[in-house]
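Good morning, and thank you for coming.

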Amino acid sequence: MFFQHVYDKSLAQGSYVIGCQKTGEAIVIDAQRDIDIYSDIAKQNNLRITHIAETHIHADFLCGSRELAAVTNATMYLSDEGGEDWQYQFPHKGLKEGDIIRVGNLTLEVIHTPGHTPESISFLLTDHPATDKPVIVLTGDFVFVGDIGRPDLLEKAAGLAGTKEDGAKQMFQSLKKFAALPEYVQVWSGHGAGSACGKALGAVASSTVGYEKIRNWALQYSENEKGFIDYLLADQPEPPKYFAMMKHLNKVDRPLLIDVPKHPELTKEQFISAYEKGMKVIDTRNKVEFAKGFIPNSLNIQGNNSFATWCGWLLNYQEQFILVAEDSQMEDLTRKLMRIGLDNIFGYISDVNATGIELHTSDVISLEEFKTQIGKDNVQIVDVRGASEYEAGHVEGAENVFVGTLMDNLGKISKDKQVVIHCQAGDRSAIAYSILAKNGFKNVKNFSGGMKEWLAENGKTIGCNETSCTKA
């Protein structure tokens, strides 16, 4: 058996290439959209991609199954579970509980494991030349290392009211199927630490059923359904806005993008023309460089592993946009964006100074200056971290407006007071600063050191209430 885990750090998303080395057949499960990686793996290992499968209709990335099928002519195997509202709306071979996919001398048995979504399935893999006992379960967004898939995404991201409780109840029952598997079976899931599809995902790539029965919080509630549901639904992170679009695009027929596109470097005249017409500019430079000088109205979304996620929060799927990035970054950034379907890159520029536009600077303040702002009547301190982070501990008097929803909550930010923003370590507050500057807020300071620097200065917190943290 050939087995390779393909991991996209930018979305903390895992896909799999599994092959029978005797027959040369291979299956790809939960493919990312830039599919050349799978073609390369197959070629390097004398395999042919003959099967393609998905564990569920994904919310956090645009699955590349159809692109891969178009290139390889492989058959797509997708869930037909979950009821009428959860059917894929394009040709495929449907899967139900107990169905078997044969890939050479390997078999993958379908287990219907609803909870995260109604149609979710897992694959129980057996390598028959070695043994007739299962060796791996591929769980998608059902069971992670140390966590399980959240059932509230359909309600929070897709607007399907009342689905999270039903999903939690389904998850409780699905876990009984998981717990009944042999303890030696390896667990390979669809996500790792950093994904918004759970709240406490482990950083280790794989586990076993036995280990998860010992350490995974969700498997400690075997006789306590209410306690399980209460804990599962509490303190889940905010789902990015783009999740709703992914749910839609992964379900319906859509245009395919077979190759990674190349985008032009814009001339000064091309950039000025688009900029003056109001085209959005995304500056991917480091927050420190952005603060030293940025094009007015541009948004600072650094080109790191969180780049696609924040673009998914702040861009829509109808608008074109321009990137500020180095030539050497463009392929990586393009791949990150195409993985969530943001294909409308108009072009890029690499030097903000070459535009001839007068640059603005950010007002970044130190910890000492931040301290002088606390408690003043004419100062509004805004913590732009997530709600659960804020509730776990925050600076006294700070108000919480999550950066991902800041555009929808500008009315909560005062234009009459001095506004001081911060996050955990400065990345999100840099985004927030650029959003506020773009929307006409003049009196904004950014405490870039954030809670990380605040806590390092003030000692380990020993208790927090609704308004503040106490110091050790």
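**Pockets, cores and a covered helix**

The second largest pocket is lined by residues from both domain 2 (268-355) and domain 3 (364-462), so this pocket lies between the two; the domain bounds come from an automatic or database domain assignment. Please note that this is a predicted model, in which local features need pLDDT of at least 70 and side-chain atom pairs count only at pLDDT 80 or more, while totals for chains, interfaces and linings use all residues. Residues are numbered from 1 along each chain as its sequence is written, and side-chain values use heavy atoms, with hydrogens and water left out.

A pocket here is an open set of points on a 1 Å grid over the protein atoms alone, where a 1.4 Å probe fits, with protein on both sides within 12 Å along at least five of seven lines; lining residues have an atom within 4 Å of a point. The volume of the second largest pocket is about 230 Å³, that is, the space filled by probe spheres set on the points, which are joined across faces, edges and corners. Among the residues lining this pocket are Phe294, His360, Tyr433 and Lys438. Helix H14 contributes the most, with three residues; helices (H or I, at least four residues) and strands (E, at least two) are DSSP runs, numbered from the N terminus.

The largest pocket holds about 840 Å³ of space. Of its 42 lining residues, Gly194, Ser306, Thr309, Trp310 and Arg428 are the closest to its centre. H7, H10, helix H13 (387-392) and H14 each give two or more residues to this lining.

Let us now turn to the cores. A nonpolar core is a set of buried Ala, Val, Leu, Ile, Met, Phe, Trp, Tyr and Cys residues joined through side-chain atoms within 4.5 Å, where buried means under 20% relative accessible area (1.4 Å probe, protein chains only). Which residues touch the most other members of the largest core? They are Ile282 and Leu323, in a core of 55 residues. H10 supplies the largest share of this core, six residues. Beyond its neighbours within four places in sequence, Ile282 is in contact (heavy atoms within 4.5 Å) with residues including Leu299, Phe307, Cys311 and Leu323.

Finally, I draw your attention to helix H11. Seven of its nine residues are buried, among them Met330, Leu333 and Arg335. The cover over the buried residues of H11 includes helix H1 (36-44), H10, E17 and E18.

Definitions and conventions: Buried means under 20% relative accessible area, exposed over 50%, partly exposed in between (1.4 Å probe, protein chains only).
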